[in-house]
Amino acid sequence: MSLASRISGIKFIGLLTTILFISTSGCSSNSDTDNSNASENAQLVVFAHNATTTTNVTGTDNNIKAVKNENAEPMSSSAKVIYLHHSTGGVIWDGGVDTTIANYNTNHGTNYSITQMEFPKSHPYGWNNYPYDYWNIWVSHAGASVYKTEPTLEMLTQTYDVIVWKHCFPVSSVVDDTGSPDITSSVKSEENYKLQYNALKAKMHEFPNNRFIVWTSPALVESATNSEEAKRARDFANWVKTTWDEPGDNIYIWDFHDLETGGGLYLLPENAASTSDSHPNPTFAATAAPLVGQRIIDVIEGRGDN
């Protein structure tokens with residue numbers, strides 16, 4: 001057989017394989033909830049009751065196929081967003097995240113909604129929202145039922161199109177690696193974080209019709225840490241941006257760490273509540289809130305990888 005014939009044959013087989021793959025692939029990721037019973041719906045009401053919706057919508061488009069390489073397509077003009085946070089995220093929220101979305105709706109004729117919710121709550125789960133905790137709730141205890149009253153991704157993705165999640169600043173108290181990473185460990189080390197994040201990424205990829213926005217970790221003020229911890233925290237934030245994140249999938253990054261630190265190691269004094277308090281201050285929040293609001297809008301409208 002000539003070389004040209006062999007190449008032609010390879011091209012034909014590749015085309016046939018592609019056609020077969022397209023014809024057998026599906027985008028639905030919510031079969032568990034399709035079969036959910038009344039008790040599961042009641043559990044969904046429990047967590048929704050604890051959320052505060054700030055902008056109303058008329059509905060969502062559950063037919064958007066937000067699969068790999070198709071996330072450049074806009075979502076529904078009435079896309080619904082859940083913003084999960086603790087205190088740091090709460091300060092930024094109060095800077096006007098919801099106002100940014102509402103103003104955009106007014107100016108562009110969209111009907112996006114955003115809901116904020118403390119996750120996880122202090123009781124019964126505990127006031128911890130670090131990589132271990134997201135892994136524990138969403139991966140280790142995945143399913144159509146709440147875990148210690150906290151909604152799983154199977155539940156959240158049925159109600160919200162976009163899920164925004166983050167950590168609070170103690171996540172940056174990163175201890176040295178031991179060389180024996182453990183995905184089930186709550187120890188704050190890079191090696192554990194990376195295992196937990198990789199599992200979380202795989203989990204989020206199970207919901208291609210949804211989009212996720214992950215903040216890089218909030219920084220600590222200089223008096224609350226040391227240079228070694230701060231370097232490890234920055235290294236993890238950089239790993240999330242440059243290695244963990246995959247262009248073209250349904251996960252997007254908002255680089256909060258860089259915004260807070262100006263590219264340095266510590267939360268800048270002018271951005272902090274005080275030199276001993278690693279919460280952001282209201283002035284910084286008023287600057288950051290429109291940025292994360294616009295980031296959410298860009299992800300909804302297919303500009304997340306730009």
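The side chains of Arg303 and Glu301 meet in a salt bridge, with 2.9 Å from N to O; a salt bridge is here a side-chain nitrogen of Lys or Arg within 4 Å of a carboxyl oxygen of Asp or Glu. The model is predicted, so local features need pLDDT of at least 70 and side-chain atom pairs count only at pLDDT 80 or more, whereas totals for chains, interfaces and linings use all residues. Residues are numbered from 1 along each chain as its sequence is written, and side-chain values use heavy atoms, with hydrogens and water left out.

Burial is stated by relative accessible area: buried means under 20%, exposed over 50%, and partly exposed in between (1.4 Å probe, protein chains only). On this scale Arg303 counts as partly exposed, at 29% relative accessibility, while Glu301 is buried, with a relative accessible area of 14%. Glu301 also takes part in a contact (heavy atoms within 4.5 Å): when neighbours within four places in sequence are left aside, Ala72 is in contact with Glu301 and Gly302. Ala72 is exposed, with a relative accessible area of 55%, and is found in the loop between β1 (52-53) and β2 (80-85). Helices (H or I, at least four residues) and strands (E, at least two) are DSSP runs, numbered from the N terminus. The C-alpha atoms of Ala72 and Val299 are separated by 8.5 Å, although the two residues are 227 apart along the chain.

The protein chain as a whole contains 11 helices and 8 strands. Of its 306 residues, 49% count as buried. Among contacts between residues at least 6 apart in sequence, 73% join residues at least 24 apart.

Side chains of opposite charge can pair when their charged atoms come close. The count of salt bridges comes to 7. One of them joins Lys121 to Glu150, with the closest N and O atoms 3.2 Å apart. This pair links distant parts of the chain, 29 residues apart: Lys121 is in the loop between β3 (113-118) and α6 (131-140), and Glu150 is in the loop between α6 and α7 (153-159). Both Lys121 and Glu150 are buried. Another salt bridge is formed by Lys241 and Asp255, whose closest N and O atoms are 2.8 Å apart. Lys241 lies in helix α9 (residues 227-244) and Asp255 in the loop between β6 (251-254) and α10, so this pair ties together parts that are 14 residues apart in sequence. Lys241 counts as partly exposed, at 29% relative accessibility, and Asp255 counts as partly exposed at 22%.

Glu190 is buried yet has no salt bridge. For charge, Lys and Arg count as positive and Asp and Glu as negative, with His and the chain ends not counted; the nearest side chain of opposite charge to Glu190 is that of Lys194, 4.1 Å away. Glu190 is placed in helix α8 (residues 190-204). Apart from neighbours within four places in sequence, Glu190 is in contact with Val174, Val175, Asp177, Arg232, Asp235 and Phe236.

Phe256 lies in helix α10 (residues 256-261) and is buried, with a relative accessible area of 0%. Residues up to four places away in sequence not being counted, Phe256 touches Thr88, Ile92, Trp215, Thr216, Pro218 and Phe284. Thr88 and Ile92 are among the buried residues of helix α4 (residues 87-94), together with Gly89, Gly90 and Trp93. Just after α4, Gly96 takes a positive phi of about 120 degrees.

On a 1 Å grid over the protein atoms alone, a cavity is a set of points where a 1.4 Å probe fits but cannot get out, and lining residues have an atom within 4 Å of a point. Grid points are joined across faces, edges and corners, and a volume is the space filled by probe spheres set on the points. The structure holds 2 cavities of 30 Å³ or more. The second largest cavity has about 40 Å³ of space and is lined by Ser172, Ala219, Leu220, Thr225, Ala230, Ala233, His257, Leu265 and Tyr266. This lining divides into 6 nonpolar, 3 polar and no charged residues, where Ala, Val, Leu, Ile, Met, Phe, Trp, Tyr, Cys and Pro count as nonpolar, Asp, Glu, Lys and Arg as charged, and the others, Gly among them, as polar.

Technical notes:
On a 1 Å grid over the protein atoms alone, a cavity is a set of points where a 1.4 Å probe fits but cannot get out, and a pocket is an open set with protein on both sides within 12 Å along at least five of seven lines; lining residues have an atom within 4 Å of a point.
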